[in-house]
Amino acid sequence: MNFHDIINLAGDFDGDGRNEIFEFATGSDPTEIELSSPILISFDQGPKDILFFTLTLILQIGADEIDIELQSSTDLKNWISAESVQYLGRINNGNGTTSAQFRSTSPVSTSASQFIQFIISEKRL
Ligand SMILES: [Ca+2]
Ligand SMILES: [Ca+2]
């Protein structure tokens with residue numbers, strides 16, 4: 001970000017480790033250091049007390065210029081589109097953001113190591 005309204009999406013004006021496109025996508029302030037994470041990790045209890053890995057990502061409502069892709073990997077080298085992750089829906093947080101929830105389709109107890117990453121990019125028109 002600079003003072004001429006030309007934004008470098010890869011820049012990090014406030015130095016909090018979140019670049020400008022990430023700040024925009026998650027609804028955080030690009031001029032203030034954030035202390036809370038927009039990504040929450042938990043476990044969701046399914047049928048028969050089976051646990052599933054669950055991710056919640058806070059997103060800015062109306063950030064339609066952004067594409068978000070979910071990818072998974074078992075080795076942190078090879079990433080594929082995350083078909084093993086199910087989108088559960090969104091909850092409106094009442095502050096201009098929503099919490100999008102995703103759940104692994106593999107129970108924790110039967111899963112090998114699984115890594116998830118979000119790819120946030122500018123939508124190509
Ligand atoms: Ca930042
Ligand atoms: Ca910030």
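Is Asp-49 buried or exposed, and how many other C-beta atoms lie within 10 Å?

Modeller: First, the ground rules. This is a predicted model: local features need pLDDT of at least 70, side-chain atom pairs count only at pLDDT 80 or more, and totals for chains, interfaces and linings use all residues. Residues are numbered from 1 along each chain as its sequence is written, while chains are lettered from A and ligands numbered from 1 in the order in which they are written.

Asp-49 is exposed, because 6 other C-beta atoms lie within 10 Å. The cut-offs are these: 20 or more other C-beta atoms within 10 Å make a residue buried, 12 or fewer make it exposed, and anything in between is partly exposed, with C-beta atoms placed from the backbone. Asp-49 sits in the loop between E1 and E2. Its phi is near 60°, a positive value in a residue other than glycine.

Leu-76 has a positive phi too, near 65°, and is likewise not a glycine. Its place is the loop between E3 and E4. Leu-76 counts as exposed because it has 9 C-beta neighbours inside 10 Å.

Now the strands around these loops. Helices (H or I, at least four residues) and strands (E, at least two) are DSSP runs, numbered from the N terminus. The protein has one helix and seven strands. Along the sequence the pattern reads α-β-β-β-β-β-β-β.

E1 and E2 belong to an open sheet of four strands, ordered E1-E2-E6-E5, with antiparallel pairing. Pairing requires at least two DSSP bridges between two strands. The edges are strand E1 (39-45) and strand E5 (85-92), each pairing on one side only. Neighbouring strands here are turned by 25° against each other on average, direction ignored. For that angle, axes are lines fitted to C-alpha atoms (for helices, over the stretch in contact), and angles run from 0 to 180 degrees between N-to-C directions. E2 and strand E6 (residues 97-107) run antiparallel and are joined by eight bridges. Within that pair, Thr-56 stands opposite Gln-101 in E6.

E3 and E4 lie in an open sheet of three strands, in the order E4-E3-E7 and with antiparallel pairing. Strand E3 (residues 66-73) runs antiparallel to E7, and eight bridges join them. Asp-67 faces Ser-121 of E7.

The largest nonpolar core has five residues: Ile-21, Ala-25, Leu-57, Ile-58 and Leu-59. Such a core is a set of buried Ala, Val, Leu, Ile, Met, Phe, Trp, Tyr and Cys residues joined through C-beta atoms within 7 Å. Helix H1 (20-26) and strand E2 (51-60) each supply at least two of the core residues. E2 gives the largest share, three residues.

Take Leu-57 from that set. Leaving out residues up to four places away in sequence, Leu-57 touches Pro-38, Ile-39, Ala-100 and Phe-118. A contact means that two C-beta atoms, placed from the backbone, lie within 7 Å.

Last, the whole protein. Of its 125 residues, 12% count as buried. Among contacts between residues at least 6 apart in sequence, 49% join residues at least 24 apart. The C-alpha atoms fill a box of roughly 55 × 35 × 30 Å, taken along the principal axes.
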